[in-house]
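Student: I would like to go through this structure helix by helix. Could we begin once it is on the screen?

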Amino acid sequence: MIFVSSITTPKLSHSTSNYLILITVIVVAGISQGLLLPVLSIFLEQKGVSPGLNGLNAAALYVGSFAMTLVAERLLGAIGFKKLIIGGLLFVMIPLILFPYFPDIKIWFILRLVVGIGDSALHYSAQLWVLLVTAPEKRGRYISLYGMSYGLGFSIGPLGIKLLGFGDAVPFWVLFVCMAAVLILVLMKLPDTKPEKAEHGQLPERRFRRSLAWAWYALLPALLYGYMEAGMNSNFPVYGLRIGLDANQISSLLPFVGIGGLFLQLPLGMLSDRYGRKQTLMFAGITGGIIFMLVPVAGTHFWWTLVLLTIAGGLVGSFFSLGLAYAADILPKALLPAANVVASFHFTIGSIIGPNLGGQVINWISPGSMFILLGFMYLLFGAAGVLFRRKPMLESVVK
């Protein structure tokens, strides 16, 4: 997800080595998030914890992430990029080795809060650094590669479920060692720099209200993407176990939601350039929603489920970036930073709601109802595009 700050471009030198280190940081951040949600959900399901409580516990990760976004800009100005990245890595690494040795749901809630804080710090500092040091004419491709790197890590993460056969603690220690190697790389190679502060313009509340009022349809995809990403990683393992899939099948299927997004991200972006951002979002939302609703029909058929998850995940996997691109099309440049902040809050809200609501419908209705609800949300979003019209006053403002 993308955070935009009021910080102006610091005196950072762009180098391939620095960029590759930042990419490595975000890959391991994606792996950690992609691993923790399903592995801990499986542990809690096996302990007999209800899907609703399971989802509530998973939401702690995003509560921590939300809290960090409130102070990230100020913290970055105080300690700089390198120290914030180091702090983020430590905040993720330390809880990793504690999870298997303190199997208490209350302790896990606290540990997930800490991981969420660290994960948000990594995203904010690394992505903002890339945004600020990249030349405008190359920014699109670099940010796309950055986003795809996170998606790759997020898709690899669930494969760690296969390591549970060697012991409950093994996936956590393997990830800890990988992150420790990245931490050493950051300590040795990244320069220690601080950003310069900029003067603030109009009141933030007014910018947020205007961006939401003028581009609500472009900012909704962030909420849906957060709901889908967190809900799938937390609730799909429970869904799979309830219908008769084993842990190995679940760990093999879950990454394909992200893999589909990796494959279709560029084609959907090109389609949006040619046919319009709103039309592409409507098409992806309606088609993806229908395919999600078909997943329960596949039952325990592994290959049909894999195909459906890949296509559906591919269609909606670019919702966050496509939504922000659409916001950039219809909003004045002065409102784009505020729009990005609103989108990040929407993403976090969706990420908190997803595991909880999905867990409740599994518990009270049926396992497949999580996909019916998810698909219905995307269908509703696609249909709402008919109601959205660009405000006439913006035509002259943008020009």
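**Helix geometry and packing**

Student: How far apart are the end C-alpha atoms of helix α16 (residues 369-384), and what should its 16 residues span?

Tutor: This is a predicted model. In it, the end C-alpha atoms of α16 are 22 Å apart, which agrees with the 22 Å that its 16 residues should span at 1.5 Å a residue.

Student: Which residues of α16 are buried?

Tutor: The buried residues of α16 are S369, M370, F371, L374, G375, Y378, F381, G382 and A384.

Student: Let us step back. How many helices and strands are in the protein chain?

Tutor: The protein chain has 17 helices and zero strands.

Student: What percentage of the residues is buried?

Tutor: Of the 399 residues in the protein chain, 55% are buried.

Student: And what share of the contacts with a separation of 6 or more comes from residues 24 or more positions apart?

Tutor: Such residues account for 87% of those contacts in the protein chain.

Student: Now to α4. What does helix α4 (residues 81-98) reach from its first C-alpha to its last?

Tutor: Helix α4 has 18 residues and reaches 27 Å, close to the 26 Å expected at 1.5 Å a residue. Its buried residues are F81, K82, L84, I85, I86, G88, L89, V92, M93, P95 and L96.

Student: At what angle do α4 and helix α7 (residues 170-189) pack?

Tutor: The angle is about 165°, and the axes of α4 and α7 are 9 Å apart. An angle over 145 degrees counts as roughly antiparallel, and α4 and α7 are therefore roughly antiparallel to each other. The crossing of α4 past α7 is left-handed.

Student: Which residues make that contact?

Tutor: On α4 they are K82, I85, I86, L89, L90, V92, M93, L96 and I97, and on α7 they are F172, W173, L175, F176, M179, A180, V182, L183, V186 and L187. By class, the contact of α4 with α7 has 18 nonpolar residues, no polar residues and one charged residue.

Student: What about helix α9 (residues 216-243) and helix α12 (residues 277-298): are they roughly parallel or antiparallel?

Tutor: Their axes come within 12 Å and cross at roughly 20°. Angles under 35 degrees count as roughly parallel, so α9 and α12 are roughly parallel to each other. Their crossing is left-handed.

Student: Which residues are involved there?

Tutor: Y217, P221, M228 and Y239 of α9 meet K278, L281, M282, F292, V295 and P296 of α12. By class, this contact has nine nonpolar residues, no polar residues and one charged residue.

Notes. Residues numbered from 1 in each chain as written. Predicted model: local features only at pLDDT ≥ 70, side-chain atom pairs only at ≥ 80, totals over all residues. Heavy atoms only, no water. Helix = DSSP H or I, 4+ residues; strand = E, 2+ residues; numbered from the N terminus. Expected span 1.5 Å × (residues − 1). Buried < 20%, exposed > 50% of the residue type's maximum accessible area, 1.4 Å probe, protein only. Axes fitted to C-alpha atoms, helices over the stretch in contact; angles between N-to-C directions. Parallel < 35°, antiparallel > 145°, perpendicular 65-115°, else oblique. Left-handed = near helix turned anticlockwise from the far one by under 90°. Contact = heavy atoms within 4.5 Å. Nonpolar A, V, L, I, M, F, W, Y, C, P; charged D, E, K, R; others polar.
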